[in-house]
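Let us walk through a protein model, one piece at a time. Keep the sequence and the 3D view side by side.

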Amino acid sequence: MHALSEQNARDLELELAWFARVLDARFTSYFSPESTTVDLTSVTPPDLSGSTSPYARVLQHYDVNFSERAALVLALAPHLRPQLLDVFHTKNSVFDRRFTEFGGVRDANGDFLPTGETLGFILAANDLARRFAVHSL
């Protein structure tokens, strides 16, 4: 059982590192007027096809696509690596409040908890057609 736990931790570390790159790509694209629309799928997730960890087996069993995988990691992040979501505490200096487009809610401690709207921002930003596709998840 200990070996499975270690495999799971290893794979989840890789997955969280990938998701951090996805977030970085989204925020860089969103806040850089000179940047073009980013294709997040170019931020390749780790290849876990040869892994036998419980997490990898779930990915393999359900044959998850990029968006589904991002949704899964986003749901796990507050529990596994909450600091990964600190970027969502960014304040809109123009209105002196948080960015509405990030979605999410704050818990009693003020920690950011992602919502479907957060996933929509990550995967689609302002692209309405893509946001509609995210709703199907």
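Start with Phe-66, which is buried, with a relative accessible area of 16%. Buried means under 20% relative accessible area, exposed over 50%, and partly exposed in between, using a 1.4 Å probe and protein chains only. This is a predicted model, in which local features need pLDDT of at least 70, side-chain atom pairs count only at pLDDT 80 or more, and totals for chains, interfaces and linings use all residues. Residues are numbered from 1 along each chain as its sequence is written, and side-chain values use heavy atoms, with hydrogens and water left out.

Where does Phe-66 sit? Phe-66 is found in helix α3. Helices (H or I, at least four residues) and strands (E, at least two) are DSSP runs, numbered from the N terminus. Leaving out residues up to four places away in sequence, Phe-66 touches Trp-18, Val-22, Leu-40, Thr-41, Val-43, Pro-45 and Leu-123. Contact here means heavy atoms within 4.5 Å.

Now turn to the helix pairs. Two packed helices are described by the angle between their axes and the distance between the axes. Axes are lines fitted to C-alpha atoms, for helices over the stretch in contact, and angles run from 0 to 180 degrees between N-to-C directions. α1 and α3 pack at an angle of about 105 degrees, and their axes are 10 Å apart. That makes α1 roughly perpendicular to α3. Angles of 65 to 115 degrees count as roughly perpendicular, under 35 as roughly parallel, over 145 as roughly antiparallel, and the rest as oblique. On the α1 side, Trp-18 and Val-22 are among the contact residues; on the α3 side, Phe-66 is one of them. By class, this contact has 11 nonpolar, no polar and two charged residues. Ala, Val, Leu, Ile, Met, Phe, Trp, Tyr, Cys and Pro count as nonpolar, Asp, Glu, Lys and Arg as charged, and the others, Gly among them, as polar.

Next comes α4. Seven of the nine residues of this helix (residues 116-124) are buried, so α4 is largely enclosed by the rest of the structure. Its buried residues pack against α1 (2-31), α3 (66-80), β4 (112-113) and α5 (128-135). With α1, the angle is about 75 degrees and the axes are 8 Å apart. α1 and α4 are therefore roughly perpendicular to each other. Residues of α1 including Phe-19 and Tyr-30 meet Phe-121, Ile-122, Leu-123 and Ala-124 in α4. After α4 comes Ala-125, whose phi is positive, near 50 degrees.
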